[in-house]
Amino acid sequence: LLSGCCEFQRSTMGIKGLQGFVTRVCPDACRTVDLKEVAEKHRIHHPDIPPVIVVDAMSCVRHWYTPESWVCGGQWREYLANLEAFIKAFTAAGITLVFYFDGVVEEKKRDEWIKRRWQNYKEIAALFQFVKTHRKQPGRGMFVLPSALPTFTRYALKSLGQKTVCTLKEADFEVAAYGLQHNCIGILGQDSDYLIYNTSPYFSIEKLCLDKLVTVMYCREALCHALGLSLTHLPLFACLLGNDVVPESLLEGFWSKCLATCPPRNKSYNRRTNVLLAVANYISRVPCSYSSLKHLEEMLPLGSDKTLLLRGMESYLLPGQQSPWIPPTAEHLKTFSDVEETAMCQDKEIFQVPSFLKLSVEIMAGSGLGQSRLVSVWCLRAALFVRWSRPAVPVGTQAACRHLMFPNLVVANLQPDAAILLFSKAGDLVSSLDLSILISSLCKLHKSSYSQERKGAVLYSLSYNKMKGLGFVMPSLKCCTFCIFLMCLVTFSSFLILEITPSSFFEQLAKEQHIQSENYVVFNILCNGVIECSNSLEDDRDTEIPGQALIFRPVRQHVYSVLLESGKGKGGACPSVKEWFVYFGNPLQQPEVIQPVQPPLPGGTPNLKTLWFAKGPEVEKQRYSTFLACFHLQDLMEELQALEAPVAGFCCLLAYLMLQVHSLSLEDLNAFVALVLCLRGKSASQLERLQLMEVDSRAVHLGAVFIRGLTTLLMANSACGFPFRMDDLMPWKVFDGKLFQEKYQRSHRSCSVEELLEGNVSNY
């Protein structure tokens, strides 16, 4: 049976067997809750803070996708309507939702990712065998998500006005951290790791009754009571059962020893249940200390890496939390940096990078600083760097800041790091600080061994916050920026000798857009040099249609060139990109190293500075032509620009497929054209009522290739400075799985063009 999503799914969705264990063995830990009542109680106790639920979207997508048809490529308009209904139900109850998506595959989990891809590969092969044999969609027991569903879900939620966050690491840690830091009323998902984190209550998406907003809350305290453990034991419990950090294969001998000393409580329990109980029994007798953890590390066969257990434990500790098992070391604090980074990139009120660049130019022109380009460059770099390099701040910082406000503060002891922490987090309390603190901190900063970038980051924070503290009215970013310019000139002119590094600037902007779900995979390419794509519903026995990974590789190579040429330096080689793409014949033993190839544009490719920031009709034309050149369609620019944007994107993709896949026929072309012409006037309910007599396996394959093609359009669009609105490249604008199946089958049965188009010849 197919179990789970083939698109970027986390490896195990928690601890193997723990969710079922809680349901079967710990019924007291499964409590039915009314989310409307939970929200109302929150409002009573926190009248100034709206009730918020943070949603682990990756564990929810399979529950959101309820259309009956799923094998044909996706019922996108029905799915969009489902998401809208989901949001409306919570909005009506006054509950705000924040959606988190996995943004990367962490290299430490690459082996598990590969293992899962091979499992999906086998399952998809069985699925195609079923479709070929029975010419119909299999039952829900073989359900697999339509290709790229999580990707397009991000954009769907964003188009519906929801806050979406694409993470810099796997999402469960950041979801748990957000829930804790923002006092959320709960986490909605289906991942038993949320039973391990000491964070907001964990609500089940699987058990959610949307009409009543009633679901099951899994109670950590009740689980601990059943196991004879405390909350501080749970991270060790998870690690000794096996998780994404500590492989189960290393623990079999340990489990056998635990089982030998803990007889089964109930003969009906399966082995996994007995293992969970035996491990809990073992842990309950171990003193909570770092020395106990070290003893376990020596006892377990962890191979050459004896830090596995420690790293596994650390992965469950959220910002501000400590554990008796782990010493509070600097290395441990580093694990919080990505969460802080993500949180800062969500806060758009102070820094908007494109706006900052524009304002720098405006102020330079109007303040007499026009010849001092380095001033603008320095301030821009400082603003960017402070945004992404601020240290994580533990819980209780406000109290610490209040302590620092007392008159007996010894200025000489305020180090630069303490200064940036104080000035960036103290809020309104800054106004009570004496200017001498700022001056002292700046002097120490000048003498410190910090890098120039780090000095710029600290100075920016000190300058901005101190100007606020001194009572300056800052109604706009422009005013704030000008004050920073003055502070820079007066205080540390020696810091201004900094040259901006274009690559680092574009990386920071790509990171912000990535976190806010505004671009697609650009951050992964620019910052990490790695890109991956999971399984698609492709028939590996159909050798006439290459894998989508190979079909669209030439486009990706051009996109890599657009993104990476600007940062290679004079005479330097353009960096290569490592690809992890699943397709028939790729053993996935190591990444494929792909070289960028320049798009076929006369005069060469415009640089990123032009594509991303320049204005004017000529630049718009350059963006559009660069985008089309990635698909070798630059000669069709005039014809495509005459079409509505969604149809232009559709035609771009279809033309590329017809040129690239030689086995595509006139009947295939007619089916795709009929699809886009007839889809325009059909509602989600009309498409839902459409019935298919049978399902064609080749059309299933083509549908998946087309959807992956849409994600390739998103990638090229993001790299080329958005010549299209991202909304215009969404599948619900141009594709429906059942409608494509119908058009495909009719076209291959020699149906007349008039009948195929349903009278829509004059639509465009």
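**Reading the interior**

Modeller: In helix H6 (residues 149-159), Leu149, Pro150, Thr151, Phe152, Thr153, Arg154, Tyr155, Ala156 and Leu157 are buried, where buried means under 20% relative accessible area, exposed over 50% and partly exposed in between, with a 1.4 Å probe and protein chains only. Helices (H or I, at least four residues) and strands (E, at least two) are DSSP runs, numbered from the N terminus. This is a predicted model, in which local features need pLDDT of at least 70 and side-chain atom pairs count only at pLDDT 80 or more, while totals for chains, interfaces and linings use all residues. Residues are numbered from 1 along each chain as its sequence is written, and side-chain values use heavy atoms, with hydrogens and water left out.

Colleague: Against which elements do the buried residues of H6 pack?

Modeller: Contact means heavy atoms within 4.5 Å, and on that basis the buried residues of H6 pack against helices H3 (61-64) and H4 (76-92), strands S3 and S4 (163-166), and helices H33 and H34 (731-734). Just after H6, glycine 161 takes a positive phi of about 85 degrees.

Colleague: How many residues of strand S2 are buried?

Modeller: Five of the five residues of S2 (residues 52-56) are buried, so this strand is largely enclosed by the rest of the structure. Val52, Val54 and Asp56 point one way, whereas Ile53 and Val55 point the other way. Two strands pair if DSSP finds at least two bridges between them; S2 pairs in the parallel sense with S3 (residues 96-101) over five bridges, and also in the parallel sense with S5 (residues 186-189) over three bridges. Valine 55 stands opposite phenylalanine 99 in S3, and valine 54 stands opposite isoleucine 187 in S5.

Colleague: Which residues touch the most other members of the largest nonpolar core?

Modeller: A nonpolar core is a set of buried Ala, Val, Leu, Ile, Met, Phe, Trp, Tyr and Cys residues joined through side-chain atoms within 4.5 Å. The largest has 204 residues, and Trp64, Phe237 and Trp612 touch the most other members. Helix H33 (residues 697-719) gives the most to this core, with 13 residues. A second, separate core of seven residues includes Val105, Trp113, Ile114 and Val530.

Colleague: How many disulfides does the model contain?

Modeller: A disulfide is a covalent bond between the sulfur atoms of two cysteines, assigned here to a pair of cysteine sulfur atoms within 2.5 Å. By this rule the count is zero. For cysteine 224, the nearest cysteine sulfur, that of cysteine 219, is 8.5 Å away.
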